[in-house]
Amino acid sequence: MNALLWLIDRIEQCRWILRALGVRKARIQAFLDRSRFDSPIPDPDGAAPRDTVWFHASSLGELEMIRPLIEDFLSAKKRVAVSVFSDSALSGLRDLAGQCVFAGLSPREGLWVEVFARFGVRKLVLSKYDFWPGMLDAAARLDLPVLVINAEARGSLISMKRLFRALGRPLPRFWFFSNSEQARSLLHAQFPRERIFPGTDPRWEQVCRRRERAGNGISSNEARIRFWASQMSALPGPRIILGSAWMTDLEQVIPAIETSAGSLVVVPHSLEPSNLATMQERLERSLAGRFLLVSEMGILVELYSHADRAIVGGGFGRSIHSTLEPAIAGLPVACGPSGVEKFPDALELQERGVLRVCGYAEDFRSWMGSNGTQSLSSAEIARRRREYLSLLEESLRIR
């Protein structure tokens, strides 16, 4: 195991080499300087032995998924550290940096034991996946419970199990939480001795909180939300919002809007100038006076509340984006077919009649003209929030 960790550690250092060569984007350079583990490892102020809960996520989406847990652990006066693997998640850590003993990029593979010991970590919480041998080996050595939120029997987890068995090393104590009965069954087959519990997806809670903050006028993006909401209100209804949009989505949705009443609000997945220019030109050519192109990120969840229907982007490319966000806003939702089968929440929404999967422009046209499209009930959302509280209580209790 030590030789393997040495090799992975050398490979991991490539990201610091890339940074030194200027590959990292300049806009996050200062934050990277404060968030990477150099030698020596930073000392947390007022560290107490075995007193820190360490949260880890792969990227921004996985970080946002467990954000309610992070916030509630902080509210419960717990010492919290948060690490992410991807640079894309650094922007999501800015508001946590002042509240946590650490918030930044994860340590290299060879440093996990020293990092956990230095920060007095007593519990590790993982978001869905991103299992690293050094991280799990450190948790096993220090006897840390490992909580996996929205757990799935992914190949990376099964590979870790096989690797540790081949090297004769014990895995840490796992607690798996999953809202998918199928996922729990597969996990039980692979890890029959581990604790496997039902657990709602914390994104339900996260979206509800963002909507409440916006509704109460306490969102950090309040001025931006008000501006774009006013622009949306000037459009003819019904207003259909296309969230996390790619050009492949636009090419299917625009023909459906052209021959229907209402207008289209497009929130792109990418704000690259060339992408915005291409989208603007395409929209002007087909929907002049009936569209709005939102040139900002980070406010899509709040904007859903100002629309009548929602189409989720990505379904004509690699994979759909979040269908939960518009569903919790009470909207009928549609999307393209790509990746739907990978998301239990999307499959559940489809089963309930809230989500319509559309393969062509004609399918979107039919969906827009349908009066029988369902939306989520307030009772269902309240149930999910109660389930989140149960997940929180269990996560706080585990030692």
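Arg79 is buried, at 15% relative accessible area (buried means under 20%, exposed over 50%, partly exposed in between, with a 1.4 Å probe and protein chains only). Keep in mind that this is a predicted model, where local features need pLDDT of at least 70, side-chain atom pairs count only at pLDDT 80 or more, and totals for chains, interfaces and linings use all residues. Residues are numbered from 1 along each chain as its sequence is written, and side-chain values use heavy atoms, leaving out hydrogens and water.

So who does Arg79 pair up with? Its salt-bridge partner is Asp51, which is partly exposed at 26%. A salt bridge here is a side-chain nitrogen of Lys or Arg within 4 Å of a carboxyl oxygen of Asp or Glu.

| Pair | Closest N and O atoms |
|---|---|
| Asp51 and Arg79 | 3.5 Å |
| Asp137 and Arg169 | 3.1 Å |
| Arg282 and Glu251 | 3.2 Å |

In the Arg282 pair, Arg282 sits in helix 12 (residues 273–287) and Glu251 in helix 11 (residues 247–258), so the bridge ties together parts 31 residues apart in sequence. Helices are DSSP runs of H or I with at least four residues, numbered from the N terminus. Arg282 is buried at 11%, while Glu251 is partly exposed at 37%. Elsewhere, salt bridges with shared partners join Glu71, Asp72, Glu205, Arg209, Glu212, Arg213 and Arg385 into one network.

Methods. Helix = DSSP H or I, 4+ residues; strand = E, 2+ residues; numbered from the N terminus.
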